[in-house]
Amino acid sequence: EMSEISERSKQNVAHGLAWSYYVGYLKIVLPRIKESMEEISRTNPNMLACRETWKLHILIPLSCNVWDDLEKADSNIQYLTDLTETTLTRAGTKKRVYKHSLYTIRDEDNKTRHCAVEYATPLQTLYAMSQDECAAFSRDDRLEQAKLFYRTLEEILRGSKECAGTYRLIAYEEPREVETHFLSREILWHLRQQQREEYTVYEGTPTHTPAMAMGSTELSLQISNSDLPQPLRSDRP
């Protein structure tokens, strides 16, 4: 009976998506990310000069607007190569392949940096639910659940010893007016921030680590009246 009630009210959608994303994907790939970066660095030592950015940069747009092709999202982001694949047998699938792409990020002065970056794929599920009448999932529901997804994933990863120092969550709200290079600027801000953090630690100065580095966009991540998962409602105007 409780399961039926939970299913009808669509509780804990983002909470479940965050845990599934972590257990079924991030926990598998993140512990291997630095080793893959190391392999690229051996043959291209100048490409990945800042070891502090040897992480998987995970994009979390609160609009859930996920591009399949990052180069189309922002022309200052260009695909470079793929990192070494991880091949595992999972859930009956032989030799399941996990891989990440390395991108060149160009700034306004034509200077480049390189990083592994991809979207958090569960956001596609939230977006699809908001487009499907059967899900009874409004835009407000989608935004609230996107925020909850971010906060839940952040909490899970913070408690994961295997994934420590292997990721960077980049949550952001897209500007109302179209900005051609908004995404590349957002990624670059995080890359520079990581480099500054590295130098601060090297110099022995205490670092200030906020719950989330917001970059050029200030996010309001307050969720309803509680930090706990909330039931979704489709009766809002």
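Read along the sequence, the chain runs α-α-α-β-α-β-β-β-β-β-α-α-β-α, and it holds 7 helices and 7 strands. Helices (H or I, at least four residues) and strands (E, at least two) are DSSP runs, numbered from the N terminus. This is a predicted model, in which local features need pLDDT of at least 70 and side-chain atom pairs count only at pLDDT 80 or more, while totals for chains, interfaces and linings use all residues. Residues are numbered from 1 along each chain as its sequence is written, and side-chain values use heavy atoms, with hydrogens and water left out.

**The chain as a whole**

- Of the 237 residues in the chain, 43% are buried, where buried means under 20% relative accessible area, exposed over 50%, and partly exposed in between (1.4 Å probe, protein chains only).
- Among contacts with a separation of 6 or more, 70% join residues 24 or more positions apart; a contact here means heavy atoms within 4.5 Å.

**Helix H2 on its own**

- H2 covers residues 13-29, which is 17 residues, and spans 23 Å from its first C-alpha to its last, close to the 24 Å expected at 1.5 Å a residue. That expected span is 1.5 Å times one less than the number of residues.
- A kink of about 40 degrees is centred on tyrosine 22 of H2; the bend at a residue is the angle between axes fitted to the seven residues ending there and the seven starting there.
- The buried residues of H2 are Val13, Ala14, Leu17, Ala18, Tyr21, Tyr22, Tyr25, Leu26, Ile28 and Val29.
- As a reminder for reading such a list, an α-helix has 3.6 residues a turn, so residues three or four places apart point the same way.

- Two packed helices are described by the angle between their axes and the distance between the axes. Here the axes are lines fitted to C-alpha atoms, for helices over the stretch in contact, and angles run from 0 to 180 degrees between N-to-C directions.
- Angles under 35 degrees count as roughly parallel, over 145 as roughly antiparallel, 65 to 115 as roughly perpendicular and the rest as oblique.
- A crossing is left-handed if the near helix is turned anticlockwise from the far one by less than a right angle, and right-handed if clockwise.
- H2 and H6: their axes come within 8 Å and cross at roughly 40 degrees, so the two helices are oblique to each other. The crossing is right-handed. Val13, Ala14, His15, Leu17, Ala18, Trp19, Tyr21, Tyr22 and Leu26 of H2 meet Gln145, Leu148, Phe149, Thr152, Leu153, Ile156 and Leu157 of H6.
- H2 and H5: the packing angle is about 150 degrees, with the axes 10 Å apart, and the pair is therefore roughly antiparallel. H2 passes H5 in a right-handed crossing. Val13, Leu17 and Tyr21 of H2 make the contact with Pro122, Thr125, Leu126 and Met129 of H5.
- H5 (residues 122-131) and H6 (residues 139-158): they pack at about 165 degrees with axes 10 Å apart, which makes them roughly antiparallel. This crossing is right-handed. The contact joins Pro122, Leu123, Leu126, Tyr127, Ser130 and Gln131 of H5 to Arg142, Gln145, Ala146 and Phe149 of H6.

**Two residues with positive phi**

- Cysteine 64 sits in the loop between strand S1 (56-61) and helix H4 (70-73). Its phi is near 65 degrees, a positive value in a residue other than glycine. With 2% relative accessibility, cysteine 64 counts as buried.
- Alanine 91 lies in the loop between S3 and strand S4 (93-98), and its phi, near 50 degrees, is again positive in a residue other than glycine. Alanine 91 is exposed, at a relative accessible area of 81%.

- Threonine 86 belongs to strand S3 (residues 86-90) and is buried at 12% relative accessibility. Leaving aside neighbours within four places in sequence, threonine 86 contacts Arg32, Arg96, Val97 and Tyr98.
- Leucine 191 is in helix H7 (residues 182-202) and is buried, with a relative accessible area of 2%. Not counting residues up to four places away in sequence, leucine 191 touches Thr53, His57, Arg113 and Cys115.
- Leucine 191 and histidine 114 are 77 residues apart in sequence, and their C-alpha atoms are 9.0 Å apart in space.
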